[in-house]
Amino acid sequence: MKLFVIGCGQCGGKIADQFALMNSVAERQRQIRIATNVIAVNSDVADLSGLVHIKRDYQHRILIGAQKTGGHGVGKLNEIGAEIARDDADKIIEAIRSSEHFAGTDAFMLIASAAGGTGSGSVAVLTQYIKERFPDKPVYNIIALPFAYEEVTEERSVYNVGTCLKSAYLAADAVFLVDNQRYMEDGISIKDNLHKINYAIVKPFFNLLCAGEETNARYVGSRVLDGGDIIQTLSGWSVIGYGNSGTAGKKTTSHNKNDFTNRSTTNSKGLSAMEEALNKLSLKCEPTDARKAVHLISCPPTEMGMETIKGLSAQLKTMATNAIIRSGDYPRSQRNEVEVTVILSELVNSKKVMSYFNKALDFMAENQKRQTTFDDQERIERSFSDLPSLF
């Protein structure tokens, strides 16, 4: 599956930068293109300048709202982010149409932080514009949720999250929810933390996108998971997880690849990788809330067996009991590992999302109270100005 990736705002741009790197790795190691293009959209020049892997020309790093912001961002006011995205949407549409490999695009992926300004405001607006201009291609979002400290100390951020999530849900075909807090590590710098988080967000998509684009007959799966399967799975709120269980250096009692002990080892490692993928979903949720799911197993061709695939499907079904499940195999692994990717989609109940909606409503009510106080203050000042002065 080939994606056209668009990063919106600072956070979205950095995650998109990792997609650009991942595409380069796929081309270099597997001779596979999984991104027809990767661009970044922002109202801040410095943020655009800090990207590493996205091409530096104006068709790949697109500055919007320069007349309103002077190239210095929108200050977390996501309504301004939405406004400048509407005003400059044609810049993005033109960049898409002029992209060299656009014809091969299967779907769009727009990425943003829900708590910011430019990304939070622009992602749903641009999603809507793209869906109108290219109605034959699905448009997905990756929305990064804020850290716990942001929710506590920055009321405006929580309001941005609520409005962004609602708008993205209404505009996109599916929204991948990513809880930044789940990837946070203690004892390392903010810069290293953010880099690891962005990498962790992108990594689960690697095998998933490569599997349907594989051209080497040796690595084509017996049950290929291609773009059609993914498109049929993705709908509404979605999460993704990745797990792996190394096979290198593990001794078995036989050198015969058909020996039952070898096969049993691979099966157990596949189940272990599945468990890890479910434990590391991009947002904590109940698998029973999913109405659709897909899983992909990737391991060396000599390790791939039908028993493993059947076992993984059975394991996922016991957890996502209400989901229609699709599966695939990809007999390729660079490090001799058993890797599993899982997507749960069409989640019907997300406590995390509902909590953001409620907090956003609380912020609006509190803001209304403050506005009433300001109105009273204005009346006092008016009365004060009407009184005569003794000077």
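**Reading helix packing, cores and loops**

Student: Which residues make the contact?

Tutor: Contact means heavy atoms within 4.5 Å. Helix 5 gives Ala89, Asp90, Ile92, Ile93, Ile96 and Arg97, and helix 6 gives Leu126, Tyr129, Ile130 and Arg133. Seven of these residues are nonpolar, none polar and three charged. Here Ala, Val, Leu, Ile, Met, Phe, Trp, Tyr, Cys and Pro count as nonpolar, Asp, Glu, Lys and Arg as charged, and the others, Gly among them, as polar.

Student: What kind of model is this?

Tutor: This is a predicted model: local features need pLDDT of at least 70, side-chain atom pairs count only at pLDDT 80 or more, and totals for chains, interfaces and linings use all residues. Residues are numbered from 1 along each chain as its sequence is written, and side-chain values use heavy atoms, leaving out hydrogens and water.

Student: How do the axes of helix 4 and helix 6 lie?

Tutor: Two packed helices are described by the angle and the distance between their axes. The axes of helix 4 (residues 78–87) and helix 6 come within 6 Å and cross at roughly 35 degrees. This crossing is right-handed. Asn78, Gly81, Ala82, Ala85 and Arg86 of helix 4 meet Thr118, Ser120, Gly121, Ser122, Val125, Leu126 and Tyr129 of helix 6. The contact divides into five nonpolar, six polar and one charged.

Student: How many helices and strands are there, and how many residues?

Tutor: The protein has 14 helices and ten strands. Of its 391 residues, 53% count as buried. Buried means under 20% relative accessible area, exposed over 50%, and partly exposed in between (1.4 Å probe, protein chains only). Among contacts between residues at least 6 apart in sequence, 80% join residues at least 24 apart.

Student: Which residues have the most contacts inside the largest nonpolar core?

Tutor: In soluble globular proteins, nonpolar side chains tend to be buried together. A nonpolar core is a set of buried Ala, Val, Leu, Ile, Met, Phe, Trp, Tyr and Cys residues joined through side-chain atoms within 4.5 Å. The largest has 64 residues, and Ile6 and Leu344 have the most contacts inside it. Leaving aside residues up to four places away in sequence, Leu344 touches residues including Trp237, Val239, Leu281, Cys285 and Leu316. A second, separate core of 46 residues includes Ala26, Ala211, Ile230 and Leu296.

Student: What is the phi of Gln31, and where is the residue found?

Tutor: Gln31 has a positive phi of about 55 degrees although it is not a glycine. Gln31 sits in the loop between helix 1 (9–30) and strand 2 (35–42). Gln31 is exposed, at 58% relative accessibility. Glu346, also not a glycine, has a positive phi near 55 degrees. Its loop lies between strand 10 (337–345) and helix 14 (351–386). Glu346 counts as partly exposed, at 28%.

Note on methods:
Helix = DSSP H or I, 4+ residues; strand = E, 2+ residues; numbered from the N terminus. Axes fitted to C-alpha atoms, helices over the stretch in contact; angles between N-to-C directions. Left-handed = near helix turned anticlockwise from the far one by under 90°.
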